[in-house]
Amino acid sequence: MNALLNRREGLVLVGYRGTGKSTVGRLLAERSGRPFVDADDEIEARAGRSIRAIFEESGEPAFRDWEERVLREVAEARPGAVLATGGGAILREANRRVLRSFGRVVWLRAEPHILVRRLETDARTRSTRPALTSGGVLDEIADVLAARTPLYEEVAHASVETEGKPAHEIADWILEYWSRCSDPRPPQEPHPCS
Ligand code: S3P
């Protein structure tokens with residue numbers, strides 16, 4: 001299956017916090033033999049502080065500037081990688097363009113009540129997930145997700161419902177999709193993924 005993958009076409013995972021982008025991304029990288037890049041980890045490494053600290057000390061717009069810069073640099077430096085993005089990476093138009101040109105973009109979906117449960121038990125929540133609104137967790141997720149849904153729809157080539165599915169099953173589906181869609185076809189044949 002790996003031989004079918006077009007070597008320069010990367011794979012991008014987008015979706016709300018807690019949809020499993022990093023876990024699924026690592027599995028995908030392992031199985032495809034591609035490098036894995038987690039955009040949040042890259043931001044923290046370059047900024048020399050946690051995402052929570054960037055939000056608290058410099059504010060969300062400063063974090064979004066870091067995010068835009070890092071996505072652009074990663075896209076240039078690591079073509080063909082598996083890239084897990086932060087939940088808000090789709091907010092800026094420039095980012096959506098960069099992600100689409102990097103490769104196939106897959107949106108991992110889940111309903112707000114499922115996300116609350118996952119976020120409460122996820123160890124990354126404390127350092128990388130400062131509050132985005134002043135409301136309660138469920139309200140925040142429902143509001144922010146509703147506002148972002150059109151942007152996830154716009155940027156994604158495909159989407160996967162994650163509820164009740166183990167990460168390896170989601171990775172299997174995406175790997176099959178990625179192989180099928182990066183298979184170069186002669187121009188006279190309809191492309192299976194356009
Ligand atoms: C954010 C999601 C986080 C991180 C930052 C902002 C968001 O990433 O980038 O806290 O706006 O949804 P994860 O989706 O990896 O948690």
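Reader: Let's take buried to mean under 20% relative accessible area, exposed over 50%, and partly exposed in between. With that in hand, is Ser 182 buried or exposed?

Author: In this predicted model, Ser 182 has a relative accessible area of 4%. That is under the 20% cut-off, so Ser 182 counts as buried.

Reader: Thanks! Where does Ser 182 sit relative to α9?

Author: Ser 182 belongs to the segment after α9.

Reader: And which backbone oxygen does its side chain reach?

Author: The side chain of Ser 182 reaches the backbone oxygen of Trp 178, at 2.8 Å.

Reader: While we're around there, what about Glu 176: where is it placed?

Author: Glu 176 is part of helix α9, which covers residues 167–181. Its relative accessible area is 35%, so Glu 176 falls in the partly exposed class.

Reader: How far is Glu 176 from Ser 22 in space?

Author: Their C-alpha atoms are 18 Å apart, and in sequence the two residues are separated by 154 residues.

Reader: Switching to the ligand, how many residues surround it?

Author: There are 14 residues around the ligand, and the closest are Lys 21, Asp 40, Arg 64, Thr 128 and Arg 129. By type, the shell divides into six charged, four polar and four nonpolar residues.

Reader: What are the distances from ligand oxygen atoms to the side chains of Asp 40, Arg 64 and Arg 129?

Author: For Asp 40, a polar side-chain atom lies 2.7 Å from an oxygen atom of the ligand. For Arg 64, an N or O atom of the side chain is 2.7 Å from a ligand oxygen atom. For Arg 129, the distance from a side-chain N or O atom to an oxygen atom of the ligand is 2.6 Å.

Reader: Nice. How much of the ligand's accessible area does the protein cover?

Author: On its own the ligand has 390 Å² of accessible area, and the protein covers 99% of that.

Reader: Which pocket does the ligand sit in?

Author: The ligand sits in the largest pocket.

Reader: OK, loops next. Where would I find Thr 19?

Author: Look in the loop between β1 (10–15) and α1. Thr 19 has a relative accessible area of 4%, so it is buried. A polar atom of the Thr 19 side chain lies 2.7 Å from the backbone oxygen of Tyr 16.

Reader: And Arg 34, is that one buried or exposed?

Author: Arg 34 is buried, at 6% relative accessible area. You'll find Arg 34 in the loop between α1 (21–32) and β2 (36–38).

Reader: What does the Arg 34 side chain have 2.5 Å away?

Author: That would be the backbone oxygen of Gly 80, 2.5 Å from a polar atom of the Arg 34 side chain.

Reader: One more loop: what can you tell me about Ala 110?

Author: Ala 110 is in the loop between β4 (103–109) and α6 (112–121). With a relative accessible area of 10%, Ala 110 is buried too. From Ala 110 to Val 160 is 8.8 Å, C-alpha to C-alpha, although they are 50 residues apart in sequence.

Reader: Last one: why does Val 137 count as partly exposed?

Author: Because its relative accessibility is 47%. Val 137 lies in helix α8, residues 137–155. Its C-alpha atom is 9.4 Å from that of Leu 119, 18 residues away along the chain.

Technical notes:
Residues numbered from 1 in each chain as written. Predicted model: local features only at pLDDT ≥ 70, side-chain atom pairs only at ≥ 80, totals over all residues. Heavy atoms only, no water. Near = heavy atom within 4 Å. Polar contact = N/O pair within 3.5 Å; in protein donor to acceptor, adjacent residues only side chain to side chain. Areas by Shrake-Rupley, 256 points an atom, 1.4 Å probe, with all protein chains shown as cover. 1 Å grid on protein atoms, 1.4 Å probe; cavity = no way out; pocket = protein on both sides within 12 Å on 5 of 7 lines; lining within 4 Å. Sits in = over half its atoms within 2 Å of the grid points. Nonpolar A, V, L, I, M, F, W, Y, C, P; charged D, E, K, R; others polar. Helix = DSSP H or I, 4+ residues; strand = E, 2+ residues; numbered from the N terminus. Buried < 20%, exposed > 50% of the residue type's maximum accessible area, 1.4 Å probe, protein only.
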